[in-house]
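User: Could you take a close look at the salt bridges in this model for me, and then walk me through the parts of the fold around them? I would like one connected answer that I can follow with the structure open.

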Amino acid sequence: MNEVKQYIRQATATDDEDRKEAVEKIRLGLIPYLLKTEKAKDMVISFKDAGSQAAEIATKPGEDPWNFWVFNLNMNGYFSGDRNYSSSSLSGGISAGRVTEKLKTSFSLNANKNKNRFGEGDEQFTYTNERYGFSNTTVWSLTSHLSAGGYVSAQKSDYSNYDLSLAVTPAVEYNFVPYSESNNRYIGLMYRAGPQYFNYIEETIFSQTEELRFQESLSLDVSFNQKWGRVSGSTSFSHYFHDFSKKRLSFSGYGEVRLVKGLSLNLGGYYAIQRDQLNIIKGTVSDQDLLTRRRQLDS
């Protein structure tokens, strides 16, 4: 019969403290299985001082059965409405990441469908938005701070007027902190440049139904996961080579900081100056488009 190890997360614990507590319980739970293997002879058991109730189990370095991969699966949905209005949404996705001193890679696959209804009878107006996306960033370490690789993304979105948006771009990344510390601290500068292909659902304001454009971007990403909480942020600048006025500058950030035990401060935000909307549908903007935001508008 399997024994279940449990622990209670303190309400004031940060993500870093919760992660360390979970690791300790996993170590304890692995002991019965380790005793049945040849690795049992390599196991060393040590205890903290008498004032501590926690036991620390240490083993010689071995292979990670997940090979450093971390997976996330999510699904969300909601529905609300009455006689005059209804709205429903269903979304899901899977992401995976692997960070080692030699390689950093991340995958993301997601889908989203929104359906909205306004009014009833002859005056009823309905619309549906669907979005499907995939992305991957992979870089190999050249040194403890410098990496090179590439970025791939594909998207289909009727809101953004994309029947297909495809990008394949080489990338170079410089990490100001060694990759071995990336789980707790990360400060990275990434440069990407390469082609992007667009196949539009409807003709754009630039009279295009499909086009191939070259773009470059420079982004700075920062994240800290410590006992006091976690903070992450990003700033990015990009432009198209065929028209340097088609550019974008964006900032985003999130923070969860413990001020004192039992009191934390949470902040998040995003701001962008965008002049690179090649995908806007040609034609006048109707009142329905403006009020419902069923498609992306020139902004």
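Analyst: Let's begin with a cut-off: a residue is called buried when its relative accessible area is under 20%, exposed when over 50%, and partly exposed in between. Please keep in mind that this is a predicted model.

With that cut-off, Lys 246 counts as buried because its relative accessible area is 13%. Its salt-bridge partner is Asp 243, with the closest N and O atoms 2.9 Å apart. Asp 243 itself is partly exposed, at 26% relative accessibility.

Now turn to Lys 156, which forms a salt bridge with Asp 163. The closest N and O atoms here are 2.7 Å apart. Lys 156 is partly exposed at 39%, and Asp 163 is partly exposed as well, at 34%. These pairs belong to a total of 12 salt bridges in the model.

Asp 289 is buried, with a relative accessible area of 3%, whereas Arg 294 is partly exposed at 26%. Salt bridges with shared partners link Asp 289, Arg 294 and Arg 295 into one network. Asp 289 sits in helix H2, which covers residues 287–292. Its side chain also makes a polar contact with the side chain of Ser 286, at 3.1 Å. Leaving out neighbours within four places in sequence, Asp 289 is in contact with Arg 294, Arg 295 and Leu 297.

From there, let's step back to the sheet. It is an open sheet of 11 strands, in the order E3-E4-E5-E6-E7-E8-E9-E10-E11-E12-E13, with antiparallel pairing. Strand E3 (69–81) and strand E13 (263–274) stand at the edges; each has a single partner strand, so one side of each is left without a neighbour in the sheet. From one strand to the next, the twist averages 10°. For a look at one pairing, find strand E4 (residues 85–99) and strand E5 (residues 103–118), which run antiparallel and are joined by 15 bridges. Ser 95 stands opposite Ser 108 in E5.

Further along the sheet, helix H1 lies across strand E10 (210–226), strand E11 (229–240) and strand E12 (247–260), running at about 75° to E10. H1 takes in residues 15–34, and at 1.5 Å a residue its 20 residues should span 28 Å; the end C-alpha atoms are 28 Å apart, which agrees. The buried residues of this helix are Asp 16, Asp 18 and Ile 31.

One last stop is Ser 232, which is found in strand E11. Is Ser 232 buried, exposed or partly exposed? Ser 232 is partly exposed, because its relative accessible area is 33%. Not counting residues up to four places away in sequence, Ser 232 touches Val 222, Ser 223, Gly 253 and Tyr 254. Another pair to find on screen is Ser 232 and Leu 249, which are 17 residues apart in sequence and 18 Å apart in space, C-alpha to C-alpha.

Terms used: Residues numbered from 1 in each chain as written. Predicted model: local features only at pLDDT ≥ 70, side-chain atom pairs only at ≥ 80, totals over all residues. Heavy atoms only, no water. Salt bridge = Lys/Arg side-chain N within 4 Å of Asp/Glu carboxyl O. Buried < 20%, exposed > 50% of the residue type's maximum accessible area, 1.4 Å probe, protein only. Helix = DSSP H or I, 4+ residues; strand = E, 2+ residues; numbered from the N terminus. Expected span 1.5 Å × (residues − 1). Polar contact = N/O pair within 3.5 Å; in protein donor to acceptor, adjacent residues only side chain to side chain. Contact = heavy atoms within 4.5 Å. Pairing = 2+ DSSP bridges. Axes fitted to C-alpha atoms, helices over the stretch in contact; angles between N-to-C directions.
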